[in-house]
Each structure stands twice: as structure tokens, then as C-alpha cells.
Amino acid sequence: MSTCAVHLDNLSKQYPHSAKRAVSSLTFKIEEGSVFGLLGPNGAGKSTTVMMLCGLMRPDTGSISVFGLDVLEQGADVRRQIGVAPQEIALFPMLTAYENLFYFGRMYGMRAAEIDAQIKKYLHVFGLAEKRNKIVSTFSGGMKKRLNLIAAILHHPKLIILDEPTAGVDVQSRNLILDFLDSLKDDGTTIIYSSHVLEEAERICSHLGIIDEGKLITTGTRTSIMDAHLDCKNLEQVFLKLTGKNIRD
Amino acid sequence: MKILATVYKEFLLLIRDPGGMALIFIMPLALVIVMALVQDAPFRDYQEIKLEVLFIDHDQDSLSAKVKKAFQASPNVVLIQEQDTAEAKKLVQAGKFKAAIIIPDQASADLRRKTKQLISSVFSNFGLPAEVDSAKLPTIDIRLFFDPAIKSNYKQALSGSLEKISASVQAEWILDELQQQLSEGNEEAPPKIAVDLSKIMRVDQRYASENKYQGVILNSVQHNVPAWTMFAMFFILYPLAGNFIKEREEGSMLRLRLISGSQWPVISGKFGFYFMICLVQFILMIAVGIYVMPLLGLTKLILGSNPLGILITACSVAMAATGYGVLIAVYFRTPQQALSFGSVSVVILSAIGGVWVPIYVMPEILQTVSRFSPMSWGLESFNDLFLRQASIPAILPNVLRLIGFALVALAASVLIHKSRTVV
């Protein structure tokens, strides 16, 4: 029997000076060990949901629990369980790859030997071993994205939150990242994958949630969603059917 | 370990930023040297007045000779002989000389006559034989012309000196005349005694310090080195706030906010690192005061006799400066806001804190306002140690103010930082 990793219950958030809610009565559960694709057009409320999930933003109403811990009450304990790779590169550009990872490892409270072993392992996995002593500002976009991901998973988090992890990277880097995420499924790590790229979501996500205008439109396994929309040939058609064809900014 | 890791990370970031290194170490050294050189002359003005004064001697007799001799013995006045009163006035008006002293024609003869008249009147009043000259004698006017741009302290010093010399000459001549008239008609009268009035009473001037550092005064080096050192230490906010906000904008701060328990180590690590940088700045600038200033023709910085007091003051100034930097870094959201406000505020705090000019030459209102500047607390403490040989209890009030300022700034920073990490 699967257990619940994340539970969002009636979550709402309205920004000051905004006429409408960014997130409105959002409720869904994510099973432990699943890869959950949080999909939606621009401005749908994905980033706001992720921010509230990480404890960086307080919801107006509702509650969030991660592995049974209340994010609002036990934010510090929750953050110990999660690793976040934000869409923006969250690294020190003037430190080397190794120095960046070592520093974040220390901040996660890891021992030096453990950090060193993890860095070696992941730099090798992500094809950055030879660049370990290079200053990050000299890296290409794809290299930075890979390093950004390593910084999020260095401390063995039980829940990984990825916000557009392949945005702006080349095909090879994207393939490497997706292969790695595939491999994490076997470890029982729970992943929340926020993206626009539906092909990627189809490839790696076991469960999907589509949100628009702050509301959950549909959720379920890929198969259950496709079964509910037999007139659509693929996930993109389902997405357009549910969110419309209007351009979002 | 998290704090040490942050300190090491800050160290790496700094050594890879040549601009930041220059701003922290090279610029302050240049600043303290330039300011000490620039302010050397004004400081000498305050304490080592050396005026070139025109001397027009129409008298050519003993009074003018005595005035001339007295001024020639003064270390603060250089007399330049001039013949023509009108020309002297022109030169002073044109600002070529700060003042001119004109001893009128027959001044000595008139003074002798007036003195004789005075003593005769006194004798006559007491029933003693005397020939009283009843003519109404005019006042002897020794004239002083001043450059309109002369500082009032120079003017007062010169007038005071001239009045003192005149009074001394008059007193000597009165005594001479007294002896003269007492001995008149008395063949057995004793020889006249030469009276040196300066041996009767003198003003003994000393500085109140009581050890080997007596005589260390507030000159350009003694003022500018600690003053601009503090200015540089407070300017630590520039790299501190700049890096902090850059990290926020680049996203690395976001990652740290997502790591549980990293907030306190991040802030305290940054604080610890920049605190140490401030102390390194302090040591370097003090070393410049001791070893470089004399090479530039300035005086050597004298630190006094209380190294522990200096260390305590330096640490408390470093704490205040770093605390202020952290507050600016946390409060402002963009580098432009932080760095503009930060730099202007440091300049204002330094101005009212007595960094640019000593507090005692400021208007009264600014002297009151200066009590609220942490730089005035630090500067006062350094002056107490360097010039007044103060003990640790004597500097403690200012040290506690600095530490209090640092703690308030840090507490405010933590609260603001926490309020922005929502949960």
C-alpha cells in the first residue's frame, strides 16, 4: 500500500494588488515514490504552489503536509527532507563546481567525507568530473543546469522538487538529466516535476496534475488521464483541450 | 562547521574579486594617506601657527626694539621688515601677509614721557618731591592691520601677544622710572636693579598626560589615521551588501533559504568574515600610520600605552561596521538601493562623527548630533587611548555603545531576514 508523500489541502494564495487568486482551493496528494508532473501554462500557479510547498511562501488558506509533517508548523523539518532545483541557477558563479557542492553539502549538515564521496559520484554521473575545479561562471547553460540539479540531490532528499530542470539546455544535457531522474524512481525517491514540456512529463512522470488559473483541472496517472479523454491522441492534445489555446503571458 | 564553511566561502569569493580586494584594502590605504597629507596644513594651522607679519618701525628706538625682540623669540611669528605704512597696508589687504604691526614715530619717547609723568604724579600724591609735567599726553597707538580673511584664532593670538609685550614693556619702564626718581638727588642711592618680569610669574603649559606619551597632540596623523580607518571599516558594507544582494539575485541565497538551519550560519559566517576583514584593514592602516606616514614627511602615529584597549576598540568598531553592513544588505532589495543608501549614510555618519574635521570645531548643534554617530564613539575611544592614555574603564562607555549598535543592527537583520523567509 502506497503512502502519501505530499498532501495539499484546499490551498489558496492571492498576491497583494492582484485581482485574482494565484492558487485557488488546490487539493491533491502525491504518493511516495512517484514522479508527479505538475503541468500548466504560464501563470497557472505552478511556481506559487512550489514556493508554498517549500515553505518560502505562506498560503492564505489551506494546509500542506510533506511526509506527514506540516509545512507551516514544521518548516525546518520539512526542508530537511526535500531538495529543490529552482528554474534559475542557484549557485555561486565565482566558486568552482566542487566548492559550490562542498559548501551546500556543509549547509545540509553533511560530513566532509560524505560530501566528497557524493560530489565525486554525481559529477561523474552528470559528466562534470573533469570540470570539478573550474569556476562555474565559465560553464555552459547545460553544465550549470546539471550542477544545479546535483546541488539539490546531494543530501539524499526523500522528495525532489524540480522546476523546469531542462529549460535552456541542449538535447544531450536534457537526455542525461531525464535518464538520471528515471533512475531515481528505483530508489523510491518522490519527485515533483514542474514543467511546460509535455513530452518530458510523458517520459518520466508516473502521475500528472494539470493546473490552470490556480485550480487543479485534472490529476491521475498518465493512462487514467488519457482514458478520460479518448478524443485526444496524446498528452499535448489533452493539455490544450483542458487549458485552451489562448496565449498566456 | 556551517559558519566556518561560510567564512571560507566568503574568503574564496573575495580573493577572486580583484575589484573588491582593491576596494577593501587599497582604496582605504590611499584614502588615509591622501587625507593625512591634505589635512596636515589645516591641522598645523590649529596648533602650529606660524604667521608672517610685516613690521613697520617708525620709532627706531627701545620700544620698537623690545617688541621686535619679543616677536623674534616667538615660534609662531616671523617678522618681515617694511618701511612704508601705506605699502604694508596694501600688502595685507591683498592677502600677501596676514597682518602688519606699525610702531608709531616717537613711541619710545612718548612712553618714557608718559611713564615719567605717571610716577611723578604718584610721588606728588604721596608728598614726595617730584616735577609734575601737567601736559596732556596722547595715547601711544601701536597699530595692527589684519587681512580680512584672517582666521579669528590667528587674530586673537597676534593681538594677545602684542598686548602682552606692550604691558611687559610698560611695567619694566615704570619700574625703571620709579628707581630713577627714587635715586634722584641721592648720591648714595643703590645701583638700579634690572628687573626681569618673566621671572616673577610665568604660565607653565603642559599636556595632561602623565607618562612618556606626554605631548602627543591631535595632529593630522593622530586624527586622520583612526578616523579614516573607521570610515574604511564602515565602508565594508559595500562589498558585504553587494555580495549579499548579488547572491540573492543570482539565486544561491534562495537555495540557502531552502536548506534547513542555514540562515543563522549564513549571516553569522558573513558577519565573522567581514569582521575579520575589518580588523585586517585596521592593522594595515595603523601600520601605514606608523611606518609610511613618516616617509611622507608626516609625524609617526603614536598608539599610546594601552594595546588591549586598542584591540577592544578596534573589535567593537569592526562589530558595529559589520553589523551595519549586514543590516543594509538584508534590508534593501537591490544593489543600487543598498549601495547608494549605504555609501551616503556612511559619509553622513563620518561627517557628524568627526572623521572629516574634529568634533570640537563643529557648530554646537552638530556636536550634539555627533553623539549619535558610532564613528564618533569609536573616534573618541581611539583619541582617549592614543592621546589621553585612557584606561579600559574609561573607554568602556563608547565600546559598549558600539557593541550595542552592532547587536541592534544584527538583531534587526535577523528579524528582517526571517520575515522574508516566510515559513
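## Sheet of chain B

In strand β4 of chain B, B:F145 is the bridge partner of B:A100. This is a predicted model, in which local features need pLDDT of at least 70 and side-chain atom pairs count only at pLDDT 80 or more, while totals for chains, interfaces and linings use all residues. Residues are numbered from 1 along each chain as its sequence is written, and chains are lettered from A and ligands numbered from 1 in the order in which they are written.

Strand β3 (residues 99–103) of chain B runs antiparallel to β4(B), and four bridges join them. Two strands pair if DSSP finds at least two bridges between them; helices (H or I, at least four residues) and strands (E, at least two) are DSSP runs, numbered from the N terminus. The open sheet has four strands in the order β2-β1-β3-β4 (chain B), with mixed pairing. Its edges are β2 (77–82) and β4 (143–146) of chain B; each has a single partner strand, so one side of each is left without a neighbour in the sheet. From one strand to the next, the twist averages 25 degrees.

Helix α4 (residues 62–72) of chain B packs on this sheet and touches β1 (51–57), β2 and β3 of chain B. The direction of α4 makes about 140 degrees with that of β2(B). Axes are lines fitted to C-alpha atoms, for helices over the stretch in contact, and angles run from 0 to 180 degrees between N-to-C directions.

## Overall form of chain B

Chain B has 16 helices and four strands. Its radius of gyration (taken over C-alpha atoms) is 32 Å, well over the 22 Å that the globule rule (2.2 Å times the number of residues to the power 0.38) gives for 423 residues, so chain B is more spread out than a compact globule. The C-alpha atoms of chain B fill a box of roughly 110 × 45 × 40 Å along the principal axes.

Of the 423 residues in chain B, 38% are buried (20 or more other C-beta atoms within 10 Å of their own, with C-beta atoms placed from the backbone).

## Strands of chain A

An open sheet in chain A has four strands in the order β2-β1-β4-β5, with antiparallel pairing. At its edges stand β2 (23–31) and β5 (69–70) of chain A, each with a single partner strand, so one side of each lacks a neighbour in the sheet. Two bridges join strand β4 (residues 61–66) of chain A to β5(A), and A:S65 has A:D70 as its bridge partner.

Elsewhere in chain A, strand β6 (residues 82–85) is covered on both faces: A:I82 and A:V84 on one side and A:G83 and A:A85 on the other are all buried. Four bridges join β6(A) to the parallel strand β7 (residues 159–163) of chain A, where A:I161 stands opposite A:V84.

## Contact between the chains

The contact takes 23 residues from chain B and 28 residues from chain A, where two residues are in contact if their C-beta atoms, placed from the backbone, lie within 7 Å. On the chain B side, α1 (2–15) and α10 (252–257) each supply at least two residues. That side has ten nonpolar, six polar and seven charged residues. Ala, Val, Leu, Ile, Met, Phe, Trp, Tyr, Cys and Pro count as nonpolar, Asp, Glu, Lys and Arg as charged, and the others, Gly among them, as polar.

## Confidence

The predictor gives the complex an ipTM of 0.84 and a pTM of 0.75. The mean pLDDT (the predictor's confidence in each residue, from 0 to 100) of chain B is 84, and 93% of its residues reach 70 or more. Among the elements of chain B, helix α12 (residues 307–331) has the highest mean pLDDT (93) and helix α3 (residues 40–47) the lowest (65). Where pLDDT is low, the predicted coordinates should not be read in detail.

How values were computed: A residue is buried if 20 or more other C-beta atoms lie within 10 Å of its own, exposed if 12 or fewer, and partly exposed in between; C-beta atoms are placed from the backbone.
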